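Colleague: Let's go through this model briefly. Start with the terms, please.

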Amino acid sequence: MKAILNNSLSKLIFILAAMHILIVFLCLPVNGQMSKQDANIKAREYISINEQWKFFKYSSLNEADNLIYDVRPDISDRQENKVADDRPTEAVIVETNKKVLKPWILPTGNDFIKDPARKHVRPEGNPGSDFPFVKNDFDDSSWETVNLPHDWAIKGPFFEGQDAEVGGGMGRLPSHGVAWYRKKLFISQSDKDKSIFLQIDGAMSYAMVWLNGHLIGGWPYGYNSWQLNLTPYIIPGKDNQLAIRVDNPNHSSRWYPGGGIYRNVWLIKTGPVHVAQWGTFITTRNVTAASATVDIEINIENNSGQDAHIKIVTKIYLLNKDMKEKPKAVAEVSPIEIDMKPQTSTLVKTSVAISSPKLWGPSPTQTPNLYVAVTSIYKEDVIVDQYKTQFGIRSVEFNPEKGILINGEHIPIKGVNQHHDLGALGAAFNVRAAERQLQMLREMGCNAIRMAHNPPAPELLELTDRMGFLVIDEIFDVWERKKTPHDFHLIFNDWYEQDLRAFIRRDRNHPSVIIWSIGNEVGEQYAGEEGAALAKKLHDIVKEEDSTRPSASAMNYAKPDMPLPGVLDVISLNYQGEGIRQAPEFEGTDRIRTPPQYQAFHDKFPDKVILSSETASAFSSRGVYLFPVTTEISSPVRDGRGGDSKTCHVSSYELYAVDFGSSADKVFGSVERHPFVAGEFVWTGWDHLGEPTPYYSSRSSYCGIIDLAGFKKDRFYLYQSHWSPEIPMVHILPHWNWPERVGEITPIHIFTSGDEVELFLNGKSLGRKKKGKYEYRLRWDSVKYEPGEVKAIAYKNGRKWAENKMVTTGEPAAIKMFADRNNIRADGKDLSFIELYVTDQNGRIVPGADNIIECSIEGAGEIVATDNGDPTDMTPFPSHKRKAFNGKALIIVRSVARKQGPVIIKATSAGLQNADIKIYSR
């Protein structure tokens, strides 16, 4: 009897917990996204439906169903390790007699097509209605159960070898293929008069949606967010069967795209009269310390069959540090009353003044204050919708001679590019993992992010707003001309307007976004007036959607005398500022060679701001040092010159770059010599999956300042020394464990925020050196190795500034463990990143240690991934066994939903003293 009671109680607790997850929150839109907080009115319900999906992926394309969006061209050229600045090529035209579903999917984007004549009419019929996977009675009990966000590829295994099915460019992971997701949605009888929408923040790619056997619509571009109106197909009072087909082609990306529904999915319930999708637009003007004018646009839809007389009330609140509204409104807009006809939309515009505004500005010199506008729609004195829009009050000035000024302060751009994956977690978005990336970049002195080369997860822009980063928000990597056989060029002409307008409407209320980038190194740079005309078409769409921000397109080829740059508001250069392939070894080759272009563009466009949207593309493998060391400030990677094609590693002396790129030192000097340049975005902040130039047999890139696992490379300290000169620091490289190099030249380089350094080896001074103009490191290139201690004392303005030392360690003896956070939320999403170090008997990290470490866990958590930052390591990320890479490894621990208590993580390795660490899930 006791066992029966315990079992019943357990079931009751589980049911109550499940009901808790599905509690209907009145969650209101934030920057066109809905707020995940504050449930006090049932005017608008915003429900996460991420949990408990059924998932099935075909084992091969040959077995996949024929419910295709469109046909694709055959692949004749499988080469993926093309030079990144190779010229994109024209599209291949494909004709077919196959039935495709594109005509039924295109109408999904109609709200984002301006010209009514270009809107798509849905054909008769209901394709796929007889396919078993879309039917309510299909038995999916044998399918895998997954929670969203979900990246089907990240668990691996990796494809290895030269002729692998998926090569290094796309990360050697099985992101390609066709898969289905199914979930039952119970819609209560009380919702029968509501409008119900499905919002998908990102599905990779060619997603198509059926509900109760009806094809509703879909969206091909895997990076955009989109919405479907489920209302006509809902059966109130019953389970409604949702089925989503995702088709992610191989050879569709130059980096790792991930696969599946890899961002959040929401069910939205509103009254028939409501604020439209991403239906608010808030801008500020006349911004001073004393006051600011807030302009508000609200797009309202009447989806009912009756006339509606409505009243619109908007109140503005300041948000506190916890992103909660302060109790008292700082401003209230005068109520607006309008009449609406059935099945129409109306745009309402209004303004309000705010006294003594708290301005949004980038850290660390300013504070990223945020407000929220709460818009309530009343019908017959009853609230029928309430919508929240977060925004910031700030002024942005683009000055051709100074660069970018925020609230009157000149802010030099110290930015990085970021791809969308989260390392060992793949493309599945996780707020904590993204926050960790930004926190480490902030520690380095970074103040800006370029979203390369696609719309980010909505939550990432919420983070940049809250943390005070500036953002270039980018939409396309290609237009009509292709870079890979199955990339976005296949759908560009059908979808560019819908994608661009949807992207801007979703993101335009984020104060962190300061520039819209419509393209990256597009092939149309080479197309003269034709390419410029297409750029103008995209630029004009940007201005129609948001006239307050400038347009840009990153250019690695277009020159000042070509037509395309003249179309854009900002001159956005990739690598051209420093010059491309200017070394003598490139003379006479067929590669692009470009002399430094900053001054040439400034002369041609004296009224435009110039910035570098990509700089450096420097390479290194953390903790690897190769000899000899170049005497130049920047060198391409070759065997014997910073590279080793046998081990597929690049030296961490941080002097080596891709052929068209430059070292950080060279970029710093180039930007400083041209003070009108607004700043730079380094390629890249973190290593990312795929795109492993120069060694395409690897899984991940070498260009990050921080490696894939989140360990800082030496380059981190070079950027920190330049970007954060107020932080006392001095960094020594390389490590000092070189038993095979006794008596051999082993250069020592120093990065410091000071202006001079004295270096000591085993107590003997090797001299004191001072940085010269345009010099960013100090070099002792003739040091002969002897074991012991290297010590560096940095000075600034003649006074001691910082001190550091590097010591020859003993043999590996133990494992040490450190958690970035000892307390995590028991929500099934929060993470703790556990760093593992192989140390000697004195607790010093042993360079070169590659011991195999086995991890285990007990309690209220689970190990979701391990990593070590080694681009060549093909161990699947979910593995609990991982080699240390140069003394370091990582465990990623995730909480278990609704399970509280201690979490104990253990690490063992043969011959080493084992370690464990305890964290708590609360």
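Modeller: Helices (H or I, at least four residues) and strands (E, at least two) are DSSP runs, numbered from the N terminus. This is a predicted model: local features need pLDDT of at least 70, side-chain atom pairs count only at pLDDT 80 or more, and totals for chains, interfaces and linings use all residues. Residues are numbered from 1 along each chain as its sequence is written, and side-chain values use heavy atoms, with hydrogens and water left out.

Colleague: Which residue just after H4 takes a positive phi?

Modeller: Helix H4 covers residues 458-467. The positive phi comes just after H4, at about 80 degrees. The residue is Gly 468.

Colleague: Why is H4 largely enclosed by the rest of the structure?

Modeller: Buried means under 20% relative accessible area, exposed over 50%, partly exposed in between (1.4 Å probe, protein chains only). The buried residues of H4 include Leu 460, Leu 461 and Asp 465. H4 is largely enclosed because the buried residues number eight of the ten.

Colleague: How many residues of strand S15 are buried?

Modeller: S15 spans residues 308-318. It is largely enclosed by the rest of the structure, because its buried residues number eight of the eleven.

Colleague: How many bridges join S15 to S19?

Modeller: Two strands pair if DSSP finds at least two bridges between them. S15 and S19 (residues 371-379) are antiparallel. Lys 315 has Val 374 as its partner in S19. The bridges number nine.

Colleague: Which residue in S16 stands opposite Lys 315?

Modeller: S16 (residues 331-332) pairs antiparallel with S15 over two bridges. Opposite Lys 315 stands Glu 332.
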